[in-house]
Amino acid sequence: MNNRNQIEQQINLQKEMIKDCFCPLSFKIMKDPVIIESGYSFERDAILKWFLKCDICPITKIKLKSKDLIINNHLNVKNRIENYLNYFVIKNVREWIENEELFDVCKDLINDSLQLILNNENFKELEKELFIFKFEILFLQKDLTEEQFYENYLNCMKEINDIHFKLLHFFKIEEKLTNENILNRYYNDLLNLLIFLNNKDYNDLQKDIFIKYCKLNKLNLQFITNILNSIEDDKLLLEYYSILNETNYDKYDLLNKIINLPKIEDEILFISIIKNMLKEINLNFVTDKLKLLRKIEIYNDLKDEIKFIYLQLYHENNDITYLEKVYNLDNNDKEIGEKLLNKYLELQLLDKFMNFYLKLNSSKLDPLNLMFMNLLKIQNLKLENLNYEFTNTKTQLLNKINNLESQLEQQILINAKNKLSKWKNDFMKIITIETSSNIYKYNYFHSEIFEAFGLQWKIEFYPKGEEKSKSDECAIYIYLNDKQICKEQREISSIKTKFFISNCNVDENSMKLFDYEFTKLEGYGEVNFKQIDFIPFIENDKQFYKILIGMKKVDIKYNK
């Protein structure tokens with residue numbers, strides 16, 4: 001049957017054959033057909049509403065003696081409609097649809113058939129099948145622009161109640177769309193549909209569509225916000241932020257959004273995404289950087305990124321406070337520590353220089369010795385290359401250095417007395433001991449003469465391996481400077497004393513305590529001990545140590 005007129009006649013005939021399946025009042029397929037006194041069939045609900053208004057037959061217009069309703073068991077509406085759709089409409093459309101002459105016939109027949117059963121629960125599966133044909137017809141239409149095609153497709157979608165079926169067939173048109181504006185609308189509509197559906201089974205699908213939408217780089221910020229607000233799963237939400245980070249979305253705004261999120265359970269993923277965002281972000285304004293830092297400083301795992309931003313601020317503004325913050329984040333960073341120390345010196349913040357130097361080296365090194373080493377280096381600097389405010393820079397700097405030495409010694413003595421409370425009121429002093437010869441040939445160190453308890457003393461020190469020390473120990477001699485005479489002009493025969501030596505940290509490993517009785521007043525006996533971690537410094541080709549010594553006078557005996 002390929003004659004168009006014959007086909008149209010056949011369609012009209014088939015429609016007449018199912019005409020009595022429709023209620024004359026509602027014009028819909030009857031679900032519950034009943035017969036009234038005049039012999040005509042109606043949908044039960046429709047005729048009951050009619051009888052509320054009047055008691056005449058809607059067809060004959062004759063008054064009825066009875067409003068009784070009789071169930072029509074012989075009409076068999078459902079079977080007749082299914083047979084019409086399956087064995088006439090669907091069967092023939094499948095055959096006619098490839099024929100261009102019959103294309104409009106198929107289109108009208110499918111539309112009319114859908115109108116017959118639309119939203120009727122009895123024909124749910126048939127409705128889906130008819131929609132598939134409708135979509136196919138839409139795909140085959142050649143006279144439509146891409147925009148017209150998409151509008152018609154959306155109109156079809158509006159008629160479908162089954163949202164899963166709608167979603168399934170919505171995906172099928174993606175390959176048909178090439179125009180970026182239409183694609184943007186399509187992804188927008190599709191994401192809205194997925195958001196409305198709110199089904200976890202579609203999370204991966206929604207994410208894939210979101211990625212495609214983002215690649216178009218025509219983002220609607222309000223729409224993006226709606227999508228993000230709709231996501232309840234923390235991990236999925238963070239993945240969306242990660243996707244947005246690859247787009248032209250404002251990175252600073254994006255980072256603020258993610259930082260302001262409520263507590264995220266997956267902190268590892270959260271930190272990872274922030275790290276990636278910080279790599280992409282380009283902050284031109286100091287205020288933006290500071291605002292950002294205030295928000296991310298609470299995260300220990302972002303220490304490197306925070307350091308980087310503070311370093312940027314330091315280089316851009318030459319403000320030492322930013323360098324201090326960098327060091328406070330990681331006080332194991334020797335390079336930053338040295339840079340900060342040199343900056344204090346360059347700016348002549350010598351009090352800060354001293355305190356920071358002590359802090360920088362207190363855990364591992366003898367700060368006093370290292371400090372003196374550094375001060376000697378400072379004296380040899382080409383001071384004219386340093387950017388100081390003073391005209392007579394070198395003289396003033398050296399004066400400050402000398403003052404700094406004195407301050408440093410006083411501070412170390414205070415710290416030592418606080419640590420050694422039992423020695424607080426006894427003799428304590430920092431002694432310089434130096435090599436007896438060139439550093440390549442030295443065999444012992446000796447100190448200047450110092451006074452304690454009205455007597456004069458001096459020290460000789462032999463590092464381990466030297467002539468007067470055992471191979472794995474040091475040796476120290478404390479001498480009285482010639483014979484000592486007391487105020488009463490009586491000679492001293494012996495002195496019992498207690499003393500300690502230490503490096504300037506006065507930690508457990510550096511301090512050695514000794515009891516000794518002086519019987520030879522011209523010399524004090526040898527005391528051996530394991531090597532203490534003294535840090536030497538060098539000046540004029542000689543090697544020096546700074547050691548801390550403390551003494552208690554216990555008992556002095558005089559000659560008769």
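Two strands pair if DSSP finds at least two bridges between them. Strands (E, at least two residues) and helices (H or I, at least four) are DSSP runs, numbered from the N terminus. This is a predicted model, in which local features need pLDDT of at least 70 and side-chain atom pairs count only at pLDDT 80 or more, while totals for chains, interfaces and linings use all residues. Residues are numbered from 1 along each chain as its sequence is written, and side-chain values use heavy atoms, with hydrogens and water left out.

**Stop 1: strand β9**

Select residues 492-502. This is strand β9, and eight of its eleven residues are buried, so the rest of the structure largely encloses it. Buried means under 20% relative accessible area, exposed means over 50%, and partly exposed lies in between (1.4 Å probe, protein chains only).

Ten bridges join β13 to β9, and the two run antiparallel. Pick out Ile495: opposite stands Ile556 in β13.

Click Lys496 and look for Glu517, its bridge partner in β10.

**Stop 2: from β13 to a loop**

Stay on β13 and select Lys552 with Asp426. They form a salt bridge, with the closest N and O atoms 2.6 Å apart. The pair links distant parts of the chain: Lys552 is in strand β13, Asp426 is in the loop between α20 (393-419) and β4 (427-435), and 126 residues separate them. Asp426 has 23% relative accessibility, so it counts as partly exposed.

The rule for a salt bridge is a side-chain nitrogen of Lys or Arg within 4 Å of a carboxyl oxygen of Asp or Glu. How many salt bridges does this rule give? The count comes to 13.

**Stop 3**

Select Asp20 and Arg80. Their side chains meet in a salt bridge at 2.6 Å, N to O. This pair also links distant parts of the chain, 60 residues apart: Asp20 sits in the loop between α1 (4-17) and β1 (33-35), and Arg80 sits in helix α3 (residues 77-96). Asp20 is partly exposed at 41% relative accessibility. Arg80 is partly exposed too, at 25%.

Move to Arg185 and Glu151. Here the side chains meet in a salt bridge at 2.9 Å, N to O. Arg185 belongs to helix α8 (residues 180-197) and Glu151 to helix α6 (residues 146-159), so the pair links distant parts of the chain, 34 residues apart. Arg185 is partly exposed, with a relative accessible area of 29%. Glu151 is partly exposed at 31%.

Then select Glu125, Lys128 and Asp162. A network of salt bridges links them.

**Stop 4: Ser113**

Select residues 103-117, helix α4, and find Ser113 within it. Is Ser113 buried or exposed? Ser113 is buried, at 1% relative accessibility. Show its contacts next, where contact means heavy atoms within 4.5 Å. Leaving aside neighbours within four places in sequence, Ser113 touches Tyr84, Leu85, Val89 and Leu130.

**Stop 5: cysteines**

Select Cys21. This residue is buried, with a relative accessible area of 0%. Go on to Cys106, which is buried at 1%.

How many disulfides does a search of the whole structure find? The search finds zero. A disulfide here is a pair of cysteine sulfur atoms within 2.5 Å.
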